[in-house]
Amino acid sequence: MVHNEDSNVIVARGLTHSYGEGELKNEILHQLDFRVLAKEITLLVGPSGSGKSTLLTLIGALRSVEEGSLTVLNRELLGASEADLMAVRRRIGFIFQSHNLVASLTVLQNVLLLLQLAEPDPSKRMERAKDMLEAVGLSQRLHHYPE
Amino acid sequence: MNLGHRLRALINWHDLPLAWLQLKRQPVRYLVAVTGIGFAALLMYMQLGFQSGLLKSATTFYQALETDLVLISPATVNSGSYQQFPQSLLYQALGLEGVSETIPLYITNINAQQLGGVKPTSLRIIGFDPDKKILNVPEINNQLDQLKTPNFVLFDELGLSIKTGPVAKQFSSNGPLELTLSNFSSSFRIMGLFKLGSTFVADSNLISSQATALDLAFPQVNIGEISLGLIRLEPRANRTEIQSYLKSLYGDELQVLTKEELITQERNYWNNVSSFGIIFGFGTIMGLLVGGVVVYQVLYTDVSDHLKEYATLKAMGFSNQFILMVVIQESILLAVSAFIPATLLSAGLYAGLTAVSGIRLDMTADKTILVGTLTVSLCAVASAIAIRKLRDADPASVF
């Protein structure tokens, strides 16, 4: 398949990651090389403890890259500053195993909170939030709390 | 980006008031926190109120004095216990050019009661020549003629009402009334009321002629032995020069003070030398500590409870500063929520205590600013300590 560099969304070269130190050091990822292209759907499968979550947290800029190279959305994450990591996080949609919604905010307020990052025009946030919630069938539960 | 831009970027009025919504969602915890911080603010208000009340009551009499210079014994450490000095020393000042008159004052405490009526009470008697107006209190000056009759006195109705309230009450309903010294050696008749204010050293004040003061307070005061000497100057006299001359004249035997210096000396004694200043200062610090611990506990628990949520927010791209600002805003909201009712309650308590004790506790702007600043500061410090916990909010941990 022919592709150019611009279509790369994620590129890993020699990506290595481990937990612990000294004798307790446990290498989870070793010299990993791969790329993910735009509009491509990639499934990551493997046994428990194989490093799937670690790789995802590295790609999601939730964890700092220790060794090798990892470029996400054209940003090199090895040695990236907190501001760079934050910028990458803002451009990635992440679904966590546990939702961790802000319990003190209603469904609508939770979405409005996120739109503080995604929608720079405050006057459009409410409409967008309601549209988004309607799209997933939650328009009747705008003012309910997560728990 | 300068600080102003950074703050504007962090506090956007279009954004959700997350700090307020978090507090509001847990009303019981919010109420407990506000009560705790409010109690701390109340404690600080009370300590500061007592301190300023003490200082004010100790100097009310001096504030009302109409004089340019005052002679006082260096052995007199406060207005509760005067060391007498020879009246002849005061007369020496009369010979000085620029001095228009000198007025001797006899001041001491006496114990009096009314059998079957007023319980034994401690009264500060201030005796002077009734032909002179020594105090800037019109109610006293208008009744000076009555004092020319032996053992006729004026009574301060702003005294400790628990002890002396019946006196003013009886006078208002039945007219003049007679009190007897607790040692039954003499008695005096109250012929009028005035408002000066009680002190920590007596339940109330009496104004009398010097002859009456000598009669009632003997042997604490003796003729020719005075407590204070007032020196009034000619309108164009140079006060500084005369004070300087008198200081050299009296040397270590007497202090020559201006009214302002006398007030400052009295305030310094109660504030710095006596144990009162230390006790009230300590009480204020205790209030700060109590409030600080309460806010810290509330914020620490709050941060711990929301740690996963904060980690998720960080994972979504919110900055550390955003979350720090939420915690700081919570602490400021708590401070303000507690400060307002504490101020109102303290104002009510001040009024009640003033009515009961006769010592004026005023809710002044400087007290409000000081307690407000301390309350917000302690909340800010407590939040600064509590947000160290935020470092535990690792975005990777939400997996």
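Among contacts in chain B between residues at least 6 apart in sequence, what percentage join residues at least 24 apart? The share is 82%. The views below come from a predicted model.

**View 1. Chain B, overall fold.**
Chain B holds 13 helices and 11 strands. Its C-alpha trace spans about 95 × 55 × 30 Å along the principal axes. The radius of gyration is 29 Å, whereas a compact globule of 399 residues would have one near 21 Å. Buried residues account for 42% of the 399 residues of chain B.

**View 2. The two domains of chain B.**
Eight residues of domain 1 of chain B are in contact with 10 residues of domain 2 of chain B. On the domain 1 side, helix H3 (27-64) and H12 of chain B are the elements that give two or more residues. H12(B) provides the largest share of that side, with three residues. By class, the domain 1 side divides into four nonpolar, three polar and one charged.

**View 3. Helix H10 against helix H12 in chain B.**
Two packed helices are described by the angle between their axes and the distance between the axes. Here helix H10 (residues 275-305) of chain B packs with helix H12 (residues 320-357) of chain B at an angle of about 145 degrees. The axes of H10(B) and H12(B) are 11 Å apart. The crossing of H10(B) past H12(B) is right-handed. From H10(B), the contact uses B:Val295, B:Val298, B:Leu299, B:Asp302 and B:Val303. From H12(B), the contact uses B:Val327, B:Glu330, B:Ser331 and B:Leu334. The residues of this contact comprise six nonpolar, one polar and two charged.

**View 4. The peptide bond between B:Phe218 and B:Pro219.**
Most residues other than glycine have a negative phi, and most peptide bonds are trans. The bond that joins B:Phe218 and B:Pro219 is cis. Its omega is about 10 degrees. B:Pro219 sits in a loop of chain B, between helix H7 (210-217) and strand S9 (225-226).

**View 5. Chain A, overall fold.**
Chain A has four helices and four strands. From the N terminus on, the order of its elements is β-β-α-β-β-α-α-α. The radius of gyration of chain A is 19 Å, well over the 15 Å that the globule rule gives for 147 residues, so chain A is more spread out than a compact globule. Its C-alpha trace spans about 50 × 40 × 30 Å along the principal axes. Of the 147 residues in chain A, 20% are buried. Among contacts in chain A between residues at least 6 apart in sequence, 46% join residues at least 24 apart.

**View 6. The two domains of chain A.**
Chain A is divided into domain 1 (5-90) and domain 2 (96-147). The C-alpha centres of these domains of chain A lie 29 Å apart.

**View 7. A:Gln31 and its positive phi.**
A:Gln31 is not a glycine, yet its phi is positive, at about 45 degrees. A:Gln31 lies in strand S2 (residues 26-37) of chain A. Is A:Gln31 buried or exposed? A:Gln31 counts as exposed because 12 other C-beta atoms lie within 10 Å, and the cut-off for exposed is 12 or fewer.

**View 8. A:Ala61 and its positive phi.**
A:Ala61 also has a positive phi, near 60 degrees, and is a residue other than glycine. A:Ala61 is located in the loop between H1 and strand S3 (67-72) of chain A. A:Ala61 counts as buried because it has 29 C-beta neighbours inside 10 Å, and the cut-off for buried is 20 or more.

**View 9. Where chain A touches chain B.**
How many residues of chain A are in contact with chain B? There are 23, and they are in contact with 19 residues of chain B. Helix H1 (52-59), helix H2 (82-90) and helix H3 (107-118) of chain A each supply at least two residues of the chain A side. H3(A) gives the most to that side, with six residues. By class, the side of chain A that touches chain B has 12 nonpolar, eight polar and three charged residues.

How values were computed: Residues numbered from 1 in each chain as written. Chains lettered and ligands numbered in written order. Predicted model: local features only at pLDDT ≥ 70, side-chain atom pairs only at ≥ 80, totals over all residues. Contact = placed C-beta atoms within 7 Å. Nonpolar A, V, L, I, M, F, W, Y, C, P; charged D, E, K, R; others polar. Rg over C-alpha atoms; globule rule 2.2 N^0.38 Å. Domains from an automatic or database assignment. Axes fitted to C-alpha atoms, helices over the stretch in contact; angles between N-to-C directions. Left-handed = near helix turned anticlockwise from the far one by under 90°.
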